[in-house]
Amino acid sequence: MGIITERLTTKAPVLKAGKSTLPVNWLFRTFEPGISSEDSINAYLFENRYVHAFQRTTFISNLLTASGFALNFLKALDAEKGIKCLSVFIKAADLRSFELLLTVDVGDFVSEEFVSAYKLARESKAAVNTDSFNLTISFLPNSDQLDAEALICDGFTWHYEQK
Amino acid sequence: MQRPLFATALRGIMSKSEERLIHALHNEKVCKYLDKKPEHSDWVITSAFYASLHFVSYLLFPLKVKAGENVTEYVSINAYYPVFNRTSIFKLSLHSLLCHLLEKNHQEIADDYALLLDYSKQSRYLNHQFDREVSNAAKRRLERIKEYCLKN
């Protein structure tokens, strides 16, 4: 079974929390045909079918915060450190914990100066993390060998590619 | 498999801390051995990370944690991990907890360690194909972490 990609656009906002939607150019990826990002969220949340609607709102709101943070972090990384991030993957570990995985050029990844990206990540996430929201940031060198299946398998189903 | 008699005897007289240091030095030695051939870059990175894991454990533990008026000493990450996850709102993996403790107590090497963890962790997403320059960068990070841990 190949990877199925759903492009999220403002014309078809599949995620809603209040008036917000995931920004354009985020992709949802799955192996399962006929599964939309909306279905995935339902499946994720409704493993316990009596889950309270509040949890759904909390999850979507946190996912939006994570994706919004990711895009701002990309800009800051470029502006402050001159490091261009090529794409971002998001994994929801639970309702309140999210992992961002950012791909960068391998030259940046191995350079001595790249430690400054980790410093910026540490400071940025400290500013956004609260008692009810937790974000972690990791980096990955961009490569032809990037295994999309392994990423999806590990839960990195949300994908943003820098245009 | 039976542990060699000498190693068993050593374990009896060594402290947990000394054991960690010996484990770190052992992994570093393995890293240098694997580095002799360029096709082992992924394992050079993995062994560099596991050497650094034991160096930072040697640095961090025993760890004194204050809770109210009480101070509890934890001898190892294994002893502290279940307590942290029981008392914290967020559940962390063992690796993330070590990163968290370094960020809190030793920022000087926290970013080098996080980078080395990423080098090692992301191997799965790259089909274990790493350039020599990544493994060389990993060795440099390990060297810095080792130097800091032995000095402090």
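Mentor: What follows is a close look at one helix, α3 of chain B. This is a predicted model, in which local features need pLDDT of at least 70 and side-chain atom pairs count only at pLDDT 80 or more, while totals for chains, interfaces and linings use all residues. Residues are numbered from 1 along each chain as its sequence is written, and chains are lettered from A and ligands numbered from 1 in the order in which they are written.

Helix α3(B) covers residues 41–60 (helices are DSSP runs of H or I, at least four residues, numbered from the N terminus). From first C-alpha to last, its 20 residues reach 28 Å, close to the expected 28 Å (1.5 Å times one less than the number of residues). Of those 20 residues, 19 are buried (20 or more other C-beta atoms, placed from the backbone, within 10 Å of the residue's own).

Beyond four places in sequence, A:L100 is in contact with residues including A:V88, A:I90 and A:L135 (C-beta atoms, placed from the backbone, within 7 Å).

As for confidence, α3(B) has the highest mean pLDDT among the elements of chain B, 96, whereas α1 (residues 5–13) has the lowest, 57 (pLDDT is the predictor's confidence in each residue, from 0 to 100). Chain B averages 88, and the complex has an ipTM of 0.79.

Key
Helices (H or I, at least four residues) and strands (E, at least two) are DSSP runs, numbered from the N terminus. A residue is buried if 20 or more other C-beta atoms lie within 10 Å of its own, exposed if 12 or fewer, and partly exposed in between; C-beta atoms are placed from the backbone. Two residues are in contact if their C-beta atoms, placed from the backbone, lie within 7 Å.
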